[in-house]
Each structure stands twice: as C-alpha cells, then as structure tokens.
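My notes are below in the order of looking.

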There are 2 protein chains.
Amino acid sequence: MHVADAPHLRVLRLLRDEGPVSRAELGDRLELTRPRLLAEVERLVAAGLIAEAGMAASRGGRRSTLVELDPRLRFAAVDLGASSIDIEVVNGRLEPVATYRETADIRSGPRTILHRVNELLHKARTDGAYEKLDAVGIGVPGPVSFRDGVPVSPPIMPGWDRYPVRELLAREHGCPAVVDNDVNIMAIGERHGGVAHSVDDFLFVKIGTGIGCGIHLGGTVYRGVDGCAGDIGHIQVDPNGPVCSCGNTGCLEALFSGSALARDAIAAARSGESPALAERLAAAMNAAENQDDDEQSEPAITITARDVADGAAEGDVTCIRLIREGGRRVGGVLATLVSFSNPSMIVIGGGLAQLGHVLLAEIRSVVYRRSLPLATGNLPVVLSELGSRAGVTGAAVLASDTAFEQAS
Amino acid sequence: MHVADAPHLRVLRLLRDEGPVSRAELGDRLELTRPRLLAEVERLVAAGLIAEAGMAASRGGRRSTLVELDPRLRFAAVDLGASSIDIEVVNGRLEPVATYRETADIRSGPRTILHRVNELLHKARTDGAYEKLDAVGIGVPGPVSFRDGVPVSPPIMPGWDRYPVRELLAREHGCPAVVDNDVNIMAIGERHGGVAHSVDDFLFVKIGTGIGCGIHLGGTVYRGVDGCAGDIGHIQVDPNGPVCSCGNTGCLEALFSGSALARDAIAAARSGESPALAERLAAAMNAAENQDDDEQSEPAITITARDVADGAAEGDVTCIRLIREGGRRVGGVLATLVSFSNPSMIVIGGGLAQLGHVLLAEIRSVVYRRSLPLATGNLPVVLSELGSRAGVTGAAVLASDTAFEQAS
C-alpha cells in the first residue's frame, strides 16, 4: 500500500509544474491545513528553494501572497547518446536557460566524455546561465544501477562498467546527481511535458541506433532488479535472421533499428531495387567526394532513416516496404509486451520515429491484431511529442526530484 | 516515493506470519514507540482482531505480555479453476481448519458455481469450522477488475463478464470480500509460503489447462490497467501453428498447455510413435469401457500430463520430445519477458509443473541463452513449492490483508 508523497515534495512539484501559486490556493490544492502549509513554506524559503512573488489577485478576503520556486534554482540535464551529448541548464520550472548539443562518441570512454560534459557545464556558468547548480541529472545509453548511480555492463559503452558517474558529477558540481538509462529519462520526459502527460502506465519505445523500452508502471519508472528492464533490443524475433552486434542471431535491433535500416537501404540503393534510395546514395557519395578529406572522421552512414522516410513519402515502394517490415517486427514484440503488461499507452520515440505514420500504422495493426482484445480496447499507440528533447527533459525532471527529495 | 504501511497493518501481518509475539518484541521489531504500540494494541484488541496470550519468557526486567491474532479469526479462501472448486477456511495464521475440493465446470455460470461455493462455506460453519467469517478471498480463471471486484471479458467463463462476485460474496457472508485472477493468487501464495518467500520481483508462470503469468513487482502484484496483465497464453509464437480457442493461430497455449499436450500425446499414442503412450491410451480406453455409462459426464481426456511425465521417466523418447518442445516454446516467451521486466526469480506452477525437471531444464536453457546476460546472471528458474495449494494460500493472504486494511 502506498501513501501520498511528503508535503514538501508536493509543494515543490506543484510550483515546478504550474508556476507561481498563492498560499491560499496551495493549501486548497494540497489539502494541507493552514498551520501545516505555513510551516512547510517557511522551511522551504529558509532552505532557498521557494520565494515570495508578490500578491495574488483577491479572492474576496485578504489578498494572499504568491509563492514560486526560487528564481535562482538551476538544474543541469545531460542526455548522452551513442554519438551525442545534449545538455540543458534549466530553471526551477525546467525551462532551458542554456542549451548545448554536440557529437561525441560514447566509446571514447567516461573520462573523455564526462570531462567534456563538465567543460560545457562550466562554460554555461561563465556564460551566466547559473551561479550554482542545485542538481545534475544524466542519462546514458545502457543499463544503470539507479541505486548506485553507475552504468552496469553497458554493451555499447566500453570502459563505463561501474564507473562512478554520479559520485564524480556530484563532487565536481557540489550538488546531488542522479544517473539513469537514456530510455528511462525519455519516458520520464514524455510523461512530464509530452504526449504521456499524467499517464501512469505506459511504454516508451525508443527506436534509434538501437531499440529500448522505458517502462512506467503505477506512476513510476520500473527499472528491474538489475536496472536492465526494458532492454528489448536483443529479443530474438527470427532465429534465421542476421547476426546482431551482441553475438546472437535475429535480435529485434539486428532486424530493425537505425543501423539495420541504413544497411538495408544501402543494399536496396546499390541493387537498384529502389530508385529513390539509389538517387540519394549517389548524391551522398558525390557530396562525400567533394568534402575536404583532411578530416579524420569515420565514413558517415550515407543513407539514413530520413532518406527512407522521404522516399516513402514520394511513393517509393521499397522504402514503404522497409518501413512496414520494420513496423511489423516491432509490432510483434510490442504485442507480446502488451499482453504481458497491459499498459494504457505506447509512445514511439527515437530517431526512427521520423518514419512517421507508415511505421505507426504498421505497429498499430500488428499490436491490435495480436494482443488480447481486452488489453487493446483503449490503447493509443502514438509518436513522441518531445522528439529529441525527451531525454534532456526527463533528466531535468529527475534532477529536480532529487534536489527536492534531499530538502526533507 | 513509497512509505511504510500503517502501523496496524504491520502489527497484524507480523502476528499472522510469525505467531504470538511479546509486546516488547513487537515494539522493537516494528520500531514503534511504547505509547504508540500500546495504543495500537488496545485498539486492535477492542476491534476483536488480536488477543492476549499469556506471558512471554523474561528478558531480564518485567515479563512482557504475549499478543496473538484473535483465535476466532477466520478467512475463507476460494480458488476456482476451469474444472474445480478449492476451498479452505483458515485461522488468523492462515492454517487450514477445513478443506473442500471438488470438480465443477466454470462454464456452468456464476449462479451455479457461487451457489455451490456458498453451500460449501455454510457446510463448513455447520461442521464447526467458524462462527463468523472475517473476509472471503476468491480467485477466478480469467481477467478481473480488482478495483470493481468483477471478472472482465473472461474468455473461458461464459456468463461471468462483470458479474458482481465480490458484492454477492460480501453480502452472503457479512464480511469484506476480494476477487482476483487465479494466477495472481497463486503468485501471492507462493510469495507467502513457498519458494518465492519474501522475493519482491518475480514471475509466477502457471502452465495448466491454459497458460498465465502472475507478475510481482516491487513487492506487490502488478495487474495492469484493465486487470489482464500477465495474460501470456495468447502470445503468438508460431504464425503457422495450430488454431487456438481464441480464434488466432499459433498462440503459446495452443502449442503447449494441458489441452495441447493431451492432443499431441493422443496423436503420438494412436500413430504408435510412442509405445509408452500407446500402452497408457489402451489402458485408459479399457477402463472407460468398463465404466458405468449412465454418467452424463463428457468423455474424459484419456491421456494427461501425468502419463507424459511417467513416459519420459521411463525413457520414452516421444514423451521427452513433447516436454522439451513445450519447454522451448515457454522458454522463448519467458526470454522476452525477462529481457523486458528483469525479475529476480521465475516460478513454474500449474498442472504441467509435474512434468518436472525435463521441462525446467529446457525452459532454463532457452531463457539463459536468449535473454540479456545481465538479466540472467542471478535468475533462478524453479518449480512451485505449494503446488495445487498455491491458489487457496494466496486467496487466504488476500482475504486477511483485506480484513486488516478495513480495520484502520
């Protein structure tokens, strides 16, 4: 049996999510007695978390004072991808005051990557984004022990296993830090400010370089016993399928993911099966030849999900087929997970969400046909609203929750 | 964020699970101050839930009074199967004081079945098992709205959809009642008194007439948004497989379940492929011919899982193959669910658990090979300890929890 969160958490979250509120309304909304509320507010003002913000409009009697989160509150939100660093410094209402995005290879290892994260955060301070951080939240592309604040055996992150990410960030910035899986923070972000707003039980499926699933049950993230719940990319969907990076054959992400789609699209371009993709491959190769070859970058993947999406929009049958086949694979796995977990919504995010409605239609069709009717009677399958901002948004939510919890 | 249960619940559960305890030890164990504990104990004595039970052995100072659950507390636990009614009347410590088990076809409908349940419970009172029931817990073989206390679109229970099971039982017996899915109560039972004792995150997989899964996450049953979480029997595992009772093709339980195994075993007996099964089929048919044919019963399934288990034990290769193929099918689905939910234990129960270690070995082999290594590093896959008593045990736990919660 679960009871409501502590009053100070409810006050702080309400101000974060809705902005300045009068003391009178705060008491009504949180069903706190006046003395209890006054004590909480006084304590949170003293702790530097909330501030007075003028008078509210009269509700008939004496005018009530507005309170808001202290305008100086700052959280750092970091979303590490396989090949990117996304950072936002946000205020108490989680509005960005500084944003940085750059490419970075997660395989460079934790020293290099975290050093760069710290550099960017210190630059944000020099740029005037903050004086002091109140918490840092970070998402990484692999399994995480949430309790210990470390990655655990992350397959695509050599050198990161049990690296003390939380401890080092906390020490560097003198504030609490929190580490989670990248898909979990995307799910948290989408629930805070996206299409899953206030939905308690949903699955967030990220289809990007790899495939993963954030699981929200009963209003909180379910992380599993070892922190690897939702790692659905290596579910075997075809024993005769291609070999996966994990060494098994026929894993979901070996059949459909950013890299699998690029592989299949390049093959379709080269064979001439797809005129739309052949044209794009030729253009991409021309562009590459004209590029300055001093650069030490690896050869880029020359056809991306965007090209396949554009080809499909032009009516190229191979592009449509590639998307549909992928949707069918993902849909088959999701049908199983829907029968198992009976969620109230499925959100599709990650880079391949840009394949849009052809993908969505195919996923829906398989899920609705194959899952238990009772479980799909009212089950929206929708695209992420926040797109590439889902991760940093969720990291900011986690950071603020962590700071608020430590204020007890 | 979750906080601890209310003190009265913790007192009552401790006395239920451990028996008489001294007031002094109770205070220590539950970390309650002496005045707080005394107030709780006084209140629960007045409510007729606990009683004094003599003096404890001295711990050096004054001797402390023992308290225990009131010896007159009685809960009724009912487990409805597709073709059976199991009832236990238990005392506060959930020890059976009366037990009834009989065959009954769930398709007879709710009036007939619940009428018979009530008759058996009234008989128990006449037999002296109780004066008054404190709560009734019942499990049914289909999806349930736990909140509303009604079955919801149960596929094998015609006439039961939204039938007010909880309300009718509560009215009939003048006490709170609680309704849940049969697999959920088995999982609860196994966690209370079986192999999953005190395990917070585990899957209980029932392989009987059909297949279902009880999901225990973070210490409580996860039921899903519509109450049908864990309904894994209709996951499609082979698009070219046999037609299932649900109308789809290749569902898990169309390939492996009590009825699927009987079908395959009879075919193997008739074709002569399996000498062990042919012998058993002949014996069963002889027995049927010699039976009084006045009985209006349907023709019994003449070969059961028991026969296949015995044949395998004798080394019959077809029996071993049938069990291994079934284990491989179940293992494939479980590998997916392990990657998704990262539990700390899998318990196999239901009638087909009697296939024993050949089945278990095959399930383990597939799960360990196909799930994420991190998720299987420490994942026992074990047989149910409580066997056919898992359901009534769980129903008794639910009944007692319901009575205790209403005592607040």
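The entries that follow concern a predicted model.

**Entry 1: strand E5 of chain B**

I began with strand E5 of chain B, residues 84-91. How many of its eight residues are buried? I found eight of the eight buried, so the strand is largely enclosed by the rest of the structure.

I then sorted the residues by direction. Ser84(B), Asp86(B), Glu88(B) and Val90(B) point one way from E5(B). Ile85(B), Ile87(B), Val89(B) and Asn91(B) point the other way. I noted the general rule that side chains in a regular strand alternate between the two faces of the sheet.

**Entry 2: the partners of E5(B)**

Next I looked up the strands that pair with E5(B). Strand E4 of chain B, residues 74-80, pairs with E5(B) in the antiparallel sense over seven bridges. I found Ala77(B) opposite Glu88(B). E4(B) and E5(B) make a hairpin, with three residues between them.

Strand E6 of chain B, residues 96-103, is joined to E5(B) by seven bridges, and these two strands also run antiparallel. Here Asp86(B) faces Arg101(B) as its opposite residue. E5(B) and E6(B) form a hairpin with four residues between them. In that turn I noted a positive phi of about 70° at Leu94(B).

**Entry 3: Glu88(B)**

I returned to Glu88(B), which has its place in strand E5 of chain B. Is this residue buried or exposed? I read a relative accessible area of 5%, which is under the 20% cut-off, so Glu88(B) counts as buried.

Which side chain does Glu88(B) reach through a polar contact? The partner is Arg389(B), and the side chains are joined by a polar contact of 2.8 Å. Leaving aside neighbours within four places in sequence, I listed the contacts of Glu88(B); among them are Phe75(B), Ala77(B), Ala98(B), Arg389(B) and Val392(B).

**Entry 4: aromatic rings**

I counted three aromatic pairs over all chains. One of them is formed by Phe340(A) and Phe340(B), edge-to-face, with 6.0 Å centre to centre and 85° between the planes. This pair crosses between chains, from helix H11 of chain A to helix H11 of chain B, each covering residues 317-341. Both Phe340(A) and Phe340(B) are buried.

I then looked at Phe75(B) and Phe404(B), which form an edge-to-face pair at 6.1 Å centre to centre with 80° between the planes. The pair links distant parts of the chain, with Phe75(B) in strand E4 of chain B and Phe404(B) in helix H14 of chain B (residues 390-405), 329 residues apart. Both Phe75(B) and Phe404(B) are buried.

I also checked for charges over rings. Arg223(A) lies over the face of Phe146(A), at 3.5 Å from the ring centre. In chain B, Arg223(B) lies over the face of Phe146(B), at 3.5 Å from the ring centre.

**Entry 5: a sheet in chain A**

Last, I looked up an open sheet of three strands in chain A. Its order is E1-E3-E2, with antiparallel pairing. The edge strands are E1 (21-22) and E2 (50-55), each of which pairs on one side only. Four bridges join E2(A) to strand E3 of chain A, residues 65-69. I noted Val67(A) in E3(A) as the bridge partner of Glu52(A).

What lies across E1, E2 and E3 of chain A? I found helix H1 of chain A, residues 7-18, running at about 85° to E3(A).

Note on methods: Residues numbered from 1 in each chain as written. Chains lettered and ligands numbered in written order. Heavy atoms only, no water. Buried < 20%, exposed > 50% of the residue type's maximum accessible area, 1.4 Å probe, protein only. Pairing = 2+ DSSP bridges. Phe/Tyr/Trp six-rings, centres within 6.5 Å; stacked < 30°, edge-to-face > 60°. Lys NZ or Arg CZ within 6 Å of the ring centre and 35° of its normal. Contact = heavy atoms within 4.5 Å. Axes fitted to C-alpha atoms, helices over the stretch in contact; angles between N-to-C directions. Polar contact = N/O pair within 3.5 Å; in protein donor to acceptor, adjacent residues only side chain to side chain.
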